[in-house]
Amino acid sequence: MDRKILAELQQDGRLTVTELAARVRLSVSPCHRRLRELERSGAVRGYRAVVDPAAVGLTFEALVFVSMRQEDRDTVAEFERAVGEVEHVLEAQRLFGDPDYLLRVATADLAAFQRLYDERLATLPGVQRLTSTLVMKHVVKDRPLPS
């Protein structure tokens, strides 16, 4: 039942508890209790609007691979804190192997990306090398987690 609730919420996070209960064929009170437990346990981490980047002028997207000069605990922590402060970094993932990190960034255009790359990304703590590739199009995006 919890998986059904999660699947419905991933499709439409604005459902009322009454609508959600009807979709999963559960009465409102038990559905509400399950939903609150899913929120309390962290299975549901929040609710948000999915904004089209082009609608807010972010039409240029790149994937940036980061290789670190050194990977001691302090350098890694400092890098991760600093990259978390770069608002155009939409996602940052630490990887096994080389490269060490994958960043997904969005900017207005190539010139804005170049400024971000030169002024912010290249100066992040511990960075040895950055390699970028441009996103041509999204084939799969914002897919709900499988149930």
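Predicted model: local features only at pLDDT ≥ 70, side-chain atom pairs only at ≥ 80, totals over all residues.
1. The UniProt record, in an unreviewed entry, places the feature "domain: HTH asnC-type" at residues 1-59.

2. Two packed helices are described by the angle between their axes and the distance between the axes. Helix α1 (residues 2-11) packs against helix α3 (residues 28-41) at an angle of about 75 degrees, and their axes are 10 Å apart; the two helices are therefore roughly perpendicular to each other. On the α1 side the contact is made by Asp 2, Ile 5, Leu 6 and Leu 9, and on the α3 side by Cys 31, Arg 34, Leu 35 and Leu 38.

3. From α2 the contact draws on Val 17, Thr 18, Leu 20, Ala 21 and Val 24, while α3 contributes Val 28, Cys 31, His 32 and Leu 35. The residues of the contact of α2 with α3 divide into seven nonpolar, two polar and no charged.

4. Leu 20, in helix α2 (residues 17-24), deserves attention of its own. Its relative accessibility is 1%, so Leu 20 counts as buried, the cut-off being under 20%. When residues up to four places away in sequence are not counted, Leu 20 touches Ile 5, Glu 8, Leu 9, Leu 15, Cys 31 and Leu 35. Ile 5 and Leu 9 also belong to the α1 side of the contact between α1 and α3, and Cys 31 and Leu 35 to the α3 side. The C-alpha atom of Leu 20 is separated by 41 Å from that of Ala 77, which is 57 residues away along the chain.

5. An open sheet of four strands is present, with the order β2-β3-β1-β4 and antiparallel pairing. Strands β2 (89-94) and β4 (127-134) stand at the edges and have a single partner strand each, so one side of each is left without a neighbour in the sheet. From one strand to the next, the twist averages 20 degrees.

6. Strand β1 (residues 60-68) is joined to β4 by seven bridges, and the two run antiparallel. Within this pairing, Met 68 has Val 127 of β4 as its bridge partner, and Val 66 stands opposite Leu 130 of β4. With strand β3 (residues 101-107), β1 likewise pairs in the antiparallel sense over seven bridges, and there the bridge partner of Leu 63 is Arg 104. Seven of the nine residues of β1 are buried, so this strand is largely enclosed by the rest of the structure.

7. Helix α4 (residues 73-84) holds Thr 75 and also Val 76. Thr 75 has a relative accessibility of 9% and counts as buried, and Val 76 is buried as well, with a relative accessible area of 9%. Leaving aside neighbours within four places in sequence, Thr 75 is in contact with Met 68, Gln 70, Pro 125 and Gly 126, whereas Val 76 is in contact with Glu 71, Arg 94 and Tyr 101. The C-alpha atoms of Val 76 and Ala 7 are separated by 35 Å, and the two residues are 69 residues apart along the chain.

8. Most residues other than glycine have a negative phi, and most peptide bonds are trans. A cis peptide bond, with omega of about 10 degrees, joins Asp 98 and Pro 99, and Pro 99 is placed in the loop between β2 and β3. Arg 25, in the loop between α2 and α3, is a residue other than glycine with a positive phi, near 60 degrees; at 75% relative accessibility, Arg 25 counts as exposed. Asp 142, in the segment after β4, is not a glycine either and has a positive phi of about 55 degrees. Asp 142 is exposed, with a relative accessible area of 53%.

Key. Residues numbered from 1 in each chain as written. Heavy atoms only, no water. Pairing = 2+ DSSP bridges. Axes fitted to C-alpha atoms, helices over the stretch in contact; angles between N-to-C directions. Buried < 20%, exposed > 50% of the residue type's maximum accessible area, 1.4 Å probe, protein only. Contact = heavy atoms within 4.5 Å. Parallel < 35°, antiparallel > 145°, perpendicular 65-115°, else oblique. UniProt positions renumbered as here; feature names shortened; annotations may be inferred. Nonpolar A, V, L, I, M, F, W, Y, C, P; charged D, E, K, R; others polar.
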